[in-house]
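This report walks through one model, site by site. Keep the sequence and the coordinates open while reading.

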Amino acid sequence: MPRRCTVCDHLERQSIDEALVSGAPYRSVAKRFGLSESAVYRHKSEHLPAHLLKARKVEEAASADDLLDQVRHLQTHALDILERAEKAGDLRTALAAISQARGNLELLGKLAGELDERPVVNLNVSSEWLELRAVIVGALEPHPAAHRAILRALESVGNS
Ligand SMILES: [Zn+2]
């Protein structure tokens with residue numbers, strides 16, 4: 001095992017990561033948090049991408065859960081309307097509710113499938129890719145426009 005990273009072990013690691021992500025130069029970050037420049041630099045290129053990835057996964061999972069909840073909620077409503085329409089002998093409304101419920105089920109199935117598949121198909125889990133990405137992004141740092149452009153491009157790859 002490599003020696004421990006003083007940034008990863010730092011109590012304010014999250015603030016440090018945020019500062020680095022927001023584009024603060026690693027020298028000033030090192031000064032602000034009382035760390036060595038080389039430790040911050042190493043952390044930024046070797047550990048930060050993985051931290052970011054983990055944070056994004058948690059966020060994605062949370063928003064997917066949210067979506068699932070909403071669709072489940074809609075489904076409860078649709079089934080409730082179906083029941084009432086059936087009792088009232090309102091076949092037209094019952095049919096509409098059935099079709100709505102079927103759409104919800106399809107959506108639920110898709111969402112559940114995505115939740116299961118995501119870790120497998122994600123290009124970002126490759127450590128070689130993380131390393132390469134950190135190198136590319138780091139190399140473009142002195143060129144803000146190019147840096148922003150590559151971050152945007154990488155973001156869209158990550159989402160596909
Ligand atoms: Zn680290």
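A residue counts as buried under 20% relative accessible area, as exposed over 50%, and as partly exposed in between. By that scale Arg72, at 43% relative accessibility, is partly exposed. The model is predicted.

**Zinc site**

Which protein atoms hold the zinc ion? The donors are Cys5 (SG), Cys8 (SG), His43 (ND1) and His47 (ND1). They lie 2.0 to 2.3 Å from the zinc ion. The angles between the four donor atoms run from 103 to 115 degrees, so the arrangement is tetrahedral. Along the sequence, the donor residues follow the spacing C-x2-C-x34-H-x3-H. Cys8 sits in the segment before H1, and His47 sits in the loop between H3 and H4, so this pair ties together parts 39 residues apart in sequence. Cys8 is partly exposed, with a relative accessible area of 26%. His47 is also partly exposed, at 23%.

**Nonpolar core**

The largest nonpolar core has 13 residues. Those touching the most other members are Val7, Ile16, Leu20, Val29, Phe33, Leu35 and Val40. H1, helix H2 (26–32) and helix H3 (37–46) each supply at least two residues of this core. H1 gives the largest share, three residues. In soluble globular proteins, nonpolar side chains tend to be buried together.

Leu20 links the core to the zinc site. Leaving out residues up to four places away in sequence, Leu20 touches Tyr26, Val29, Val40, His43, Lys44 and Leu48. Among these contacts, Val29 and Val40 are core members listed above, and His43 is a zinc donor.

**Salt bridges**

The model has six salt bridges.

| Pair | N to O distance | Helix and spacing |
|---|---|---|
| Arg13 and Asp17 | 2.6 Å | H1 (residues 13–21), four residues apart |
| Asp69 and Arg72 | 3.3 Å | H4, three residues apart |
| Arg84 and Asp80 | 3.3 Å | H4, four residues apart |

Why are Arg13 and Asp17 about one helical turn apart? Arg13 and Asp17 are four residues apart in helix H1, and therefore separated by about one helical turn. Asp69 and Arg72 are likewise about one turn of helix H4 apart. For Arg84 and Asp80 the separation is again about one turn of the helix.

Arg13 has a relative accessible area of 25% and is partly exposed. Asp69, at 46%, is partly exposed, and so is Arg72 at 43%. Arg84 is exposed, with a relative accessible area of 55%.

**Val71 in helix H4**

Val71 lies in helix H4, which spans residues 48–87. How accessible is Val71? Its relative accessible area is 5%, so Val71 is buried. Asp69 is partly exposed, and Arg72 is partly exposed too. Val71 touches Asn104, Leu107, Leu108 and Leu111, not counting residues up to four places away in sequence. The C-alpha atoms of Val71 and Gly103 are separated by 9.8 Å. Along the chain, Val71 and Gly103 are 32 residues apart.

Conventions
Residues are numbered from 1 along each chain as its sequence is written. This is a predicted model: local features need pLDDT of at least 70, side-chain atom pairs count only at pLDDT 80 or more; totals for chains, interfaces and linings use all residues. Side-chain values use heavy atoms; hydrogens and water are left out. Buried means under 20% relative accessible area, exposed over 50%, partly exposed in between (1.4 Å probe, protein chains only). Contact means heavy atoms within 4.5 Å. A salt bridge is a side-chain nitrogen of Lys or Arg within 4 Å of a carboxyl oxygen of Asp or Glu. A nonpolar core is a set of buried Ala, Val, Leu, Ile, Met, Phe, Trp, Tyr and Cys residues joined through side-chain atoms within 4.5 Å. Donors are N, O and S atoms within 2.8 Å of the metal (3.2 Å for Na, K and Ca); water is not among the atoms, so sites may look incomplete. Four donors count as tetrahedral if all angles lie between 85 and 135 degrees; four count as square planar and six as octahedral if opposite donors are over 155 degrees apart and all others between 65 and 115; anything else is irregular.
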